[in-house]
Amino acid sequence: MGAFAELYEDLHGALGPQAWWPAESRFEVLVGAVLTQNAAWRNVEQAITRLRDAALFAPEAILAAPVARVAECIRPSGYYNIKTQRLRAACEAWLALGGEQGMAAMPTLALRNALLAVHGLGPESVDDVLLYGFERPVFVIDAYTRRIFSRIGVVDPRAAYDTLQQQFQADLPVDAQQFNEYHALIVQLGKSFCRPRQPRCGDCPVLSRCAHGRAEMNQRS
DNA sequence: TACCAGGAGAAAA
DNA sequence: TTTTCTCATGGT
């Protein structure tokens, strides 16, 4: 078993199943993937609620609405002007690709390339949609993944997205359910224990593997 | 007050 | 090709 598989066992044992993504539909995963770009999920939830309350939570409704109205709805998630453009581009792609049924019928690589061609959808957002929306076995690399695994010393934090993704996928079974759970566990670990600048390792389940954790353990002893 | 949060694209070097 | 800048609100 490689380092990535070992850490999954540690995290799953310590934190338990996370039951991600917190969305009720595939379209909501797409919207969430755009709105969560460099934003706290709490603020994304506010933005999604405001879209629902405004009866704008559908691709056709978002495209038909005045840009300023959509922007006002998603204001809590930050970068609202940029994200309005990105959300509109994502809705256009959603419809152009045949909606939920059309996209579900596409091979993973073709769907990934089609989504990457959409303005405002980068690799992380696209892989969120593929993994959490369409149950495709692609590993999501985010800021938490880079921070945690570079502190442990098994990845280069400056490595390209695709390079890191290949490292994870080469060490793990091709299993969308496990990729789903693993990424959710990484985010939970990052939020709770693996902060930037001022790590507070506390009862971190990977304390002994992490450079910051070892330093903290040495201070305690 | 300053930093951070489930990034991405454009511009500059 | 790589690095830096810009977009912006809300919580701690």
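Predicted model: local features only at pLDDT ≥ 70, side-chain atom pairs only at ≥ 80, totals over all residues.
Trainee: Let's start with lysine 83. Why is lysine 83 called buried?

Mentor: Happy to start there! Lysine 83 has 25 other C-beta atoms within 10 Å. The cut-off for a buried residue is 20 or more, so lysine 83 counts as buried.

Trainee: Where does lysine 83 sit, and which residues does lysine 83 touch?

Mentor: Lysine 83 belongs to helix α6. Leaving aside residues up to four places away in sequence, lysine 83 touches Val34, Leu35, Ile74 and Ser77. Valine 155 is another matter: 72 residues separate it from lysine 83 along the chain, and their C-alpha atoms are 31 Å apart.

Trainee: Now the helices. What makes α10 and α12 roughly perpendicular?

Mentor: Good one. Two packed helices are described by the angle between their axes and the distance between the axes. For α10 (residues 143-152) and α12, the axes come within 9 Å and cross at roughly 75 degrees. Angles of 65 to 115 degrees count as roughly perpendicular, and therefore α10 and α12 are given that description.

Trainee: Which residues make the contact between α10 and α12?

Mentor: From α10 come Tyr144, Thr145, Arg147 and Ile148, while α12 brings Ile186, Val187, Leu189 and Gly190. By class, that contact holds five nonpolar residues, two polar and one charged.

Trainee: How do the residues of the surface near DNA strand C divide by class?

Mentor: There are six nonpolar, four polar and two charged residues on that surface.

Trainee: What about DNA strand B: which residues come nearest, and which element gives the most?

Mentor: Of the 27 residues around DNA strand B, the nearest are Gln37, Gly122, Glu124, Ser125 and Arg197. Both α9 (123-134) and α12 (176-192) supply at least two residues to this surface, and α9 gives the most, with four. The surface near DNA strand B has 12 nonpolar, nine polar and six charged residues.

Terms used
Residues numbered from 1 in each chain as written. Chains lettered and ligands numbered in written order. Nonpolar A, V, L, I, M, F, W, Y, C, P; charged D, E, K, R; others polar. Near = placed C-beta within 6 Å. Axes fitted to C-alpha atoms, helices over the stretch in contact; angles between N-to-C directions. Parallel < 35°, antiparallel > 145°, perpendicular 65-115°, else oblique. Contact = placed C-beta atoms within 7 Å. Buried ≥ 20, exposed ≤ 12 C-beta atoms within 10 Å, placed from the backbone.
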